[in-house]
Amino acid sequence: MVEKIGLLLNLGTPDSPSVQDVRRYLNQFLMDPDVIDLPWIVRKILVSFCIVPLRSAKSAHAYQSVWTKKGSPLLVNSLALQQAVNEKTVQPIFMAMRYGSPSIEQQLLTIKKKYPAAEEIVILPLYPHYAGSTVKSCIKEINRVVKKLNIHCRLNIIPPFYQHSDYIDALVATTRETLEQPYDHILFSYHGIPERHILKEDPTKKHCLQQDCCKTASPAHATCYRYQVTKTTEYFAKKAKIPAGQYSMSFQSRLGKAKWLEPYTDKVLVELAEKGIKRLLVICPSFTADCLETVEEIGIRGRILFERAGGEKLTLVPCLNSHEAWVNAILHWFSLTGLR
């Protein structure tokens, strides 16, 4: 009898790079109140009449530039990870997406029908760092679906792993070959979020985004995205023995006019080139699988920005994807819950 089920969660992707499918995906994604945290009517007007009509064709073109014969890079890499983990476990492992297919509801319904006697579902959101728009949103959706489907087994959600040694070791392992190449600088580019999201998740309501807040101990760090990405960068640099001054950190993928975490990656790429950096490595630790934001935003558009500003070579370091070290890290975390 299967007592435990594993469920990996990632962000999601359109079903195809067509404008219609991209429009449908953007609507679902951006209407999440944890992504755009505005009143429903304001969010609806903004998404349906401003953002989606203006961005659908452009986003579809971006997806078309990275789409493979097997499909979206995010889905292909996520399914490869699921398969690799499944091959080394006795108990089954599923993969779900917060937006698009296969959805959390689809996969939990399959689990309920196929394994009605399962006692526990071990859930790993593939987000290293906590944010309301990622981890919190996934947990809320899981709880909604569990209630809707009347699922009674235990839910064991593995928390963000931004400073876990297994994660840091896996990051270093995936970059080892690239780090052996000559380079002038390393840029850690993380997915950005609006500053108001940081403030919203601060339980103290007075710590985050203050002077030296990331260096001052606080309960806010448990839900502070900026603190957590800062720690990932520090731990990686220490593990990989990267000298201070040879790396920096930035934030990408901003949307709208609100102030997001700074510095912005697109501006930093230009600044680094103008300062004389010729060979740049870019690592994207907040993404565990290569996707539109890494392959297209950094690998294509970011490279163009860097080279036009005087840089010679931008190397995008692959994400964890289904690297053996990453698979082993997940297997270790699952084993700690009794899932084998």
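Colleague: Which residues do ring pairs link into a cluster?
Modeller: Phe161, Tyr167, Trp326 and Trp333. Bear in mind that this is a predicted model.

Colleague: How many aromatic pairs does a search of the whole structure find?
Modeller: The search finds 12. One of the pairs is tyrosine 25 with phenylalanine 29, which is stacked, at 6.1 Å centre to centre and 20 degrees between the planes.

Colleague: Where do tyrosine 25 and phenylalanine 29 lie?
Modeller: Both are in helix α1, four residues apart, or about one turn of the helix. Tyrosine 25 and phenylalanine 29 are both buried.

Colleague: And why is the pair of phenylalanine 29 and tyrosine 99 edge-to-face?
Modeller: Because the ring planes are at 65 degrees, with the centres 5.0 Å apart. Phenylalanine 29 belongs to helix α1 and tyrosine 99 to strand β2, so this pair ties together parts 70 residues apart in sequence. Tyrosine 99 is buried, as is phenylalanine 29.

Colleague: What is the bridge partner of glycine 12 in β2?
Modeller: Tyrosine 99 again. Strands β1 (residues 4-13) and β2 run parallel and are joined by seven bridges.

Colleague: What order do the four strands of the open sheet have?
Modeller: The order is β2-β1-β3-β4, with parallel pairing. β2 (93-100) and β4 (154-157) are the edge strands, each pairing on one side only.

Colleague: Which strands does helix α1 lie across?
Modeller: Helix α1 (residues 19-30) lies across β1 and β2, at about 90 degrees to β2. Helix α4 (residues 104-114) lies across β1, β2 and β3 (120-125), and runs at about 150 degrees to β2.

Colleague: Change of topic: what sits over the ring of tyrosine 264?
Modeller: The charged end of arginine 254, 3.9 Å from the ring centre.

Technical notes: Residues are numbered from 1 along each chain as its sequence is written. This is a predicted model: local features need pLDDT of at least 70, side-chain atom pairs count only at pLDDT 80 or more; totals for chains, interfaces and linings use all residues. Side-chain values use heavy atoms; hydrogens and water are left out. Two strands pair if DSSP finds at least two bridges between them. Helices (H or I, at least four residues) and strands (E, at least two) are DSSP runs, numbered from the N terminus. Contact means heavy atoms within 4.5 Å. Axes are lines fitted to C-alpha atoms, for helices over the stretch in contact, and angles run from 0 to 180 degrees between N-to-C directions. Rings of Phe, Tyr and Trp (its six-membered ring) pair if their centres lie within 6.5 Å; planes under 30 degrees apart count as stacked, over 60 as edge-to-face and the rest as tilted. Buried means under 20% relative accessible area, exposed over 50%, partly exposed in between (1.4 Å probe, protein chains only). A charge sits over a ring if NZ of Lys or CZ of Arg is within 6 Å of the ring centre and within 35 degrees of the ring normal.
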